[in-house]
Amino acid sequence: GSIGGLFASDDVGAVTAGGPAPRTLLLGMEAVLACGTVFRSGARVVKSVAGFDVHKLLVGSRGLLFAATTLHLRLRSAPRASVWFRRDGLDASQALRLFLALRALAVPPMALHLRTDAAGVMVAGRIAGRAACVASTLRAHGLAEGPPVTELHLHVPAPGEVLTGIVVPSRAVELFDLAPAGTPFLLHGGGRF
């Protein structure tokens, strides 16, 4: 329920779709250790030689090791333009080609999703940057604006199971080929992974 709680729990972690994990945003902290000792680690600025990043080891300890009193975070400005896109009605090979082409861009989408289900194959995501660059990327790949993607997990069917894990996107074609025909498939990520 708080920013300190987000860093203590690190529920987002490495599986963040389209954004950085809390650990990567933390430059330094002031905290109270579980034994009551006041603790300071890291720095207030990005360019600093402040020793080891001990504070990053504490992230995700769920409040068992520390209680944060001050967090120094790396902030980034919001992109000038941001557009969610969606392309439906593709066959599997077209969708995979589009997915890999978007990943290979010099500035890849902030979020990228490949999904198959009973309705068909869909590629969706979010492109951000300068307005002209966003518009040209949409045009070049025949993408139309669409609603934001909010469903990041497959629902477990009544007589079945869902297999989840982390995969290198360049292996998506191989993984997609291994899935039995008609099986719901969801691959999502952000940036280059």
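Biologist: In which sense do strand 1 and strand 2 pair, and over how many bridges?

Modeller: One caution before we start: this is a predicted model. In general, strands of a sheet pair through backbone hydrogen bonds, either parallel or antiparallel. Here, strand 1 (residues 26–33) pairs with strand 2 in the antiparallel sense, over five bridges.

Biologist: Let's go to helix 4. How far apart are its end C-alpha atoms, and what span should we expect?

Modeller: Helix 4 (residues 92–103) has 12 residues, so at 1.5 Å a residue it should span 16 Å. Its end C-alpha atoms are 17 Å apart, which agrees.

Biologist: Which residues of helix 4 are buried?

Modeller: Ala 95, Leu 96, Leu 98, Phe 99, Leu 102 and Arg 103. Seen down the axis of helix 4, those residues fall within an arc of 165°, so they line one face of the helix.

Biologist: What does that face pack against?

Modeller: The buried residues of helix 4 pack against strand 4 (81–90), strand 5 (111–117), strand 6 (120–129), helix 6 (172–178) and strand 8 (185–189).

Biologist: How many residues are in the largest nonpolar core, and which touch the most other members?

Modeller: The general idea is that in soluble globular proteins, nonpolar side chains tend to be buried together. In this model the largest nonpolar core has 21 residues, and Phe 85, Leu 102, Leu 114, Val 123, Leu 138 and Leu 143 touch the most other members. Helix 4 gives the most to this core, with five residues. Apart from it lies another core, of nine residues, including Met 29 and Phe 39.

Biologist: Last one: is Thr 164 buried or exposed?

Modeller: Exposed means over 50% relative accessible area. Thr 164 comes out at 64%, so it is exposed. You'll find Thr 164 in the loop between strand 7 (144–145) and helix 6. The C-alpha atoms of Thr 164 and His 153 are separated by 8.8 Å, with the two residues 11 apart along the chain.

Terms used: Residues are numbered from 1 along each chain as its sequence is written. This is a predicted model: local features need pLDDT of at least 70, side-chain atom pairs count only at pLDDT 80 or more; totals for chains, interfaces and linings use all residues. Side-chain values use heavy atoms; hydrogens and water are left out. Two strands pair if DSSP finds at least two bridges between them. Helices (H or I, at least four residues) and strands (E, at least two) are DSSP runs, numbered from the N terminus. The expected span of a helix is 1.5 Å times one less than its number of residues. Buried means under 20% relative accessible area, exposed over 50%, partly exposed in between (1.4 Å probe, protein chains only). The arc is that of the directions from the helix axis to the C-beta atoms. Contact means heavy atoms within 4.5 Å. A nonpolar core is a set of buried Ala, Val, Leu, Ile, Met, Phe, Trp, Tyr and Cys residues joined through side-chain atoms within 4.5 Å.
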